[in-house]
Every structure is written in structure tokens, then in C-alpha cells.
Amino acid sequence: MIDPYKKFKKWFKAVEKKNLQDPTAFSLATSDKSNQPHVRMVLLKKITADGFVFFTNLNSNKAKQYKINKKLCMCFYWESIN
């Protein structure tokens with residue numbers, strides 16, 4: 001079975017080589033206490049063995065929504081590598 005983090009890192013490096021877009025930019029989706037979705041663009045800071053790291057203000061809406069529901073959705077749009 002392929003390690004999803006290894007696969008992601010391979011794709012990430014391919015986007016970096018193209019040098020056409022910021023490979024760290026992604027959309028982050030959370031949901032509030034009414035289960036309403038909220039999506040915004042953020043930047044990836046680090047890839048670890050067990051997850052992805054991005055920074056945020058702990059008083060921001062996304063941090064408050066994360067405290068309510070720890071399930072997040074990320075979408076990287078890398079047109080340069082299809």
C-alpha cells in the first residue's frame with residue numbers, strides 16, 4: 001500500500017519544480033456548530049509523518065470551528081501537474 005504522505009510529497013515536489021504557482025496554497029473547509037460549511041484559502045507550513053500543518057490565530061473562526069469539529073477538508077488545486 002502506498003503511503004499517502006509520500007505520494008503527496010511527490011506531487012508537491014512536482015508542483016514546486018514547475019514554479020508556476022504556490023504549491024502551499026489550499027482551500028480549508030470547516031463547519032460551524034450549525035454544520036454550515038466555511039471555506040477559505042490558507043498556506044501549508046509543514047508536512048509531518050502524520051499530518052499537515054498550517055498556522056492560524058487561535059481566536060479565528062477556523063480555530064473555533066476546529067474546536068467544535070476536528071474533521072477538516074483540504075483541497076490543493078495544482079493545475080500545473082493535472
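Keep in mind that the model is predicted.

Let's start inside. The largest nonpolar core has 10 residues in all. Four of them are phenylalanine or tryptophan positions you can pick out by eye, including Phe 8, Phe 12, Phe 26 and Trp 78. Val 15, Leu 28, Val 42, Leu 44, Ile 47 and Phe 76 also belong to this core. Which elements supply at least two residues each? They are helix α1, residues 4–18, and strand β1. The largest share, 3 residues, comes from α1. As general background, nonpolar side chains in soluble globular proteins tend to be buried together.

Stay with one core member, Val 15. Leave aside its neighbours within four places in sequence. Val 15 is then in contact with Gln 21, Pro 23, Trp 78, Ser 80 and Ile 81. Trp 78 is in the core as well.

Now the largest pocket. Its space comes to about 160 Å³. Two elements give two or more residues to its lining: β1, at 25–31, and α2, at 61–68. Helix α2 gives the largest share, 4 residues. Look for Leu 28, Thr 30, Phe 54, Thr 56 and Leu 58 in the lining. By type, the lining divides into 6 nonpolar, 2 polar and 2 charged residues.

On to helix α2. Two residues here deserve a look. Take Gln 65, which sits in this helix. Is Gln 65 buried or exposed? It counts as buried, because its relative accessibility is 8%, and the cut-off for buried is under 20%. What do its side-chain atoms meet? The side chain of Thr 30 makes a polar contact with that of Gln 65 at 2.3 Å. A second polar contact, at 3.1 Å, links the side chains of Gln 65 and Arg 40. Beyond four places in sequence, Gln 65 touches Thr 30, Ser 31, Asp 32, His 38 and Arg 40.

Lys 64 counts as partly exposed, because its relative accessibility is 44%. Its side chain reaches the backbone oxygen of Asn 59 at 3.5 Å. Now find Lys 33. Lys 64 and Lys 33 are 31 residues apart along the chain, yet their C-alpha atoms are separated by 9.6 Å.

Methods:
Residues are numbered from 1 along each chain as its sequence is written. This is a predicted model: local features need pLDDT of at least 70, side-chain atom pairs count only at pLDDT 80 or more; totals for chains, interfaces and linings use all residues. Side-chain values use heavy atoms; hydrogens and water are left out. On a 1 Å grid over the protein atoms alone, a cavity is a set of points where a 1.4 Å probe fits but cannot get out, and a pocket is an open set with protein on both sides within 12 Å along at least five of seven lines; lining residues have an atom within 4 Å of a point. Grid points are joined across faces, edges and corners, and a volume is the space filled by probe spheres set on the points. Ala, Val, Leu, Ile, Met, Phe, Trp, Tyr, Cys and Pro count as nonpolar, Asp, Glu, Lys and Arg as charged, and the others, Gly among them, as polar. A nonpolar core is a set of buried Ala, Val, Leu, Ile, Met, Phe, Trp, Tyr and Cys residues joined through side-chain atoms within 4.5 Å. Buried means under 20% relative accessible area, exposed over 50%, partly exposed in between (1.4 Å probe, protein chains only). Contact means heavy atoms within 4.5 Å. A polar contact is a pair of N or O atoms within 3.5 Å; within protein, one must be able to donate a hydrogen and the other to accept it, and residues adjacent in sequence count only if both atoms are side-chain atoms.
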